[in-house]
Amino acid sequence: MKIRIGTFNLFQFVEPPYSWYTKKEKFTIIEWEEKIAWIKKQINSMNCDIIGFQEVFSKDALKELTKELGFKYFKTVDKAKTNKTDELIYTTTTVAIASKFPIKNLKKVQTDFSTLKKHHLDGFFKFSREPIKASIMLPNEKELDVYVCHLKSNRENEFEYIFTKETKLNEKLEKVQKALKDGYSLSLKQRLCEASSIYSNIKLNKKPSILLADLNDKEFSVTIEALSNKKYHEENLKKDDYLLIDAYHLIKKEVYNPHPEFKGINRTPTSYFAGKGNVLDYIFVLLEFDKRKKNSIAEVISYKVLNDHLLKNQNGSLLNSDHAQVVCEIEFF
């Protein structure tokens, strides 16, 4: 059995007359209709059975939109809040999930309080956007748990380390530990607590699981280590041991007629900042989705980034999105 699953940051999905964050930030009716038309076109191009959405303010409008496109099931675990003095201004956003298969159960992801001390977070903690854990009944009568998250962004442009493929976990931990202790980056501290709580929830889960995520952090980041690597959380482990793996790494990369000086395939960015492309949007799967493993239950057979709108305008547009969409096709054995 094959299913297609995707992640889609909608970029300020706010139905007029509502606005986001400030009174002047809102769509006209014509702009909104154009944005809706583009989103429908993208969802049709994604051709998914399950989609996780980020930056959802107007959840009823999104529910209606996805229903028109064949998604019978739609859920959120939170409601976007409005300004106390002006109910037409949204001050928070949410994530959502749409599915063509029945959503049998829906839960919030609980905070792993043990991780707060590890990351030197004092005082009250809550997710910047409540993640979703949805149990979905597949046509083969098996359940799949799909998590959707949108981790804390770095809007303050605080200092954060940039790591590469060659950077070892110990080096990442050593550098980040000082930043956490000395309070260099409160956003990173929040993001690591969020990622660690999702990790803990998935680790305790007994069902096949997939995470659809806007991590607001780059490839090879320490956030991904907190989300996926057991060694990040268990100091006694001597080597990396991954609970989750980025689905991108389970796909064979095809190269046609490479140039003699070909150095390798560059990963397609899902977002741009100051002219530099970054991968912020991901689909993570359990290691059991790696067909090379003895106990594998499924295989990732395709991975696609829908980024035509970013090729035209790297910054995206409020009338479409400033993120690319990521889609995987998965075959269950």
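I began with helix H5, residues 186-204: its 19 residues reach 28 Å from the first C-alpha to the last, close to the 27 Å expected at 1.5 Å a residue. I kept in mind that this is a predicted model. Next I looked up burial along the helix and found 16 of the 19 residues of H5 buried, so H5 is largely enclosed by the rest of the structure.

**Aromatic pairs**

I then searched the whole structure for aromatic pairs and got 13. I opened Phe 27 with Trp 32 and noted a tilted pair, 5.8 Å centre to centre, with 40° between the planes. I checked accessibility too, and both Phe 27 and Trp 32 are buried.

Where in the chain do Phe 57 and Tyr 90 sit? I placed Phe 57 in the loop between strand S3 (50-56) and helix H2 (59-68), and Tyr 90 in strand S5 (residues 89-90). The pair therefore links distant parts of the chain, 33 residues apart. Buried means under 20% relative accessible area, so Phe 57 counts as buried at 3% relative accessibility. Tyr 90, at 10%, counts as buried too.

**Charges over rings**

I looked for lysines sitting over aromatic faces and wrote down two cases. Lys 100 lies over the face of Phe 71, 5.0 Å from the ring centre. Lys 118 has its charged end over the ring of Tyr 232, at 4.8 Å from the centre.

**Backbone**

I went through the backbone angles next. The peptide bond from Pro 16 to Pro 17 is cis, and I noted omega near 15°. Pro 17 belongs to the loop between strand S1 (2-13) and strand S2 (19-20).

I also jotted down two positive phi values in residues other than glycine. For Phe 11, phi is near 60°; this residue is in strand S1. For Asn 47, phi is near 55°, and I found Asn 47 in the loop between helix H1 (29-46) and S3.

Which of these is buried, and which partly exposed? Phe 11 has a relative accessible area of 14%, so I filed Phe 11 as buried. Asn 47 has 47%, so Asn 47 went down as partly exposed.

Terms used. Residues are numbered from 1 along each chain as its sequence is written. This is a predicted model: local features need pLDDT of at least 70, side-chain atom pairs count only at pLDDT 80 or more; totals for chains, interfaces and linings use all residues. Side-chain values use heavy atoms; hydrogens and water are left out. Rings of Phe, Tyr and Trp (its six-membered ring) pair if their centres lie within 6.5 Å; planes under 30 degrees apart count as stacked, over 60 as edge-to-face and the rest as tilted. Buried means under 20% relative accessible area, exposed over 50%, partly exposed in between (1.4 Å probe, protein chains only). Helices (H or I, at least four residues) and strands (E, at least two) are DSSP runs, numbered from the N terminus. A charge sits over a ring if NZ of Lys or CZ of Arg is within 6 Å of the ring centre and within 35 degrees of the ring normal. The expected span of a helix is 1.5 Å times one less than its number of residues.
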